[in-house]
Amino acid sequence: MLFAINPSDGTPLYFQVVRHVKHLIATGRLGPGDELPTVRALAQQLVINPNTVVRAYRELEAAGLIYTRRGSGTYVAEKPVPYSDDE
């Protein structure tokens with residue numbers, strides 16, 4: 001799974017990760033139960049600080065889109081709704 005961010009976009013990097021994961025869920029490329037890359041792996045792939053990925057994953061988890069199993073990984077929630085009516 002390839003993630004792409006644009007450092008010169010002006011949008012915070014964590015928000016770009018959030019937006020990209022939401023897009024993958026909305027388009028069906030990530031389905032319920034699919035595993036997301038680890039924080040370290042995604043940070044290395046995007047060449048960003050791991051704390052940025054942690055923040056993005058926290059935002060997604062707070063929105064109910066993903067969940068984390070300690071020691072097992074991060075997964076897409078069973079019934080994710082990636083975008084609100086406003087979005």
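**Close-up 1. The largest pocket has a volume of about 170 Å³.** This is a predicted model, where local features need pLDDT of at least 70 and side-chain atom pairs count only at pLDDT 80 or more, while totals for chains, interfaces and linings use all residues. Residues are numbered from 1 along each chain as its sequence is written, and side-chain values use heavy atoms, with hydrogens and water left out. A pocket here is an open set of points on a 1 Å grid over the protein atoms alone where a 1.4 Å probe fits, with protein on both sides within 12 Å along at least five of seven lines; lining residues have an atom within 4 Å of a point. The volume is the space filled by probe spheres set on the points.

**Close-up 2. Who lines the largest pocket?** Among the lining residues are Glu35, Pro37, Tyr57, Arg58 and Thr74. (Helices, H or I with at least four residues, and strands, E with at least two, are DSSP runs numbered from the N terminus.) The lining splits into four nonpolar, five polar and three charged residues; Ala, Val, Leu, Ile, Met, Phe, Trp, Tyr, Cys and Pro count as nonpolar, Asp, Glu, Lys and Arg as charged, and the others, Gly among them, as polar.

**Close-up 3. Helix 1 (residues 13-26) packs on helix 3 at an angle of about 45°, with the axes 8 Å apart.** Axes are lines fitted to C-alpha atoms over the stretch in contact, and angles run from 0 to 180 degrees between N-to-C directions. Leu13, Tyr14, Val17, Val18, Val21 and Lys22 in helix 1 meet Thr52, Arg55, Ala56, Glu59 and Leu60 in helix 3, contact meaning heavy atoms within 4.5 Å. That contact has seven nonpolar, one polar and three charged residues.

**Close-up 4. Helix 2 (residues 39-46) packs on helix 3 at about 120°, with their axes 8 Å apart.** Val39, Leu42 and Ala43 of helix 2 touch Pro50, Val53, Val54 and Tyr57 of helix 3. Seven nonpolar residues make this contact, with no polar and no charged ones.
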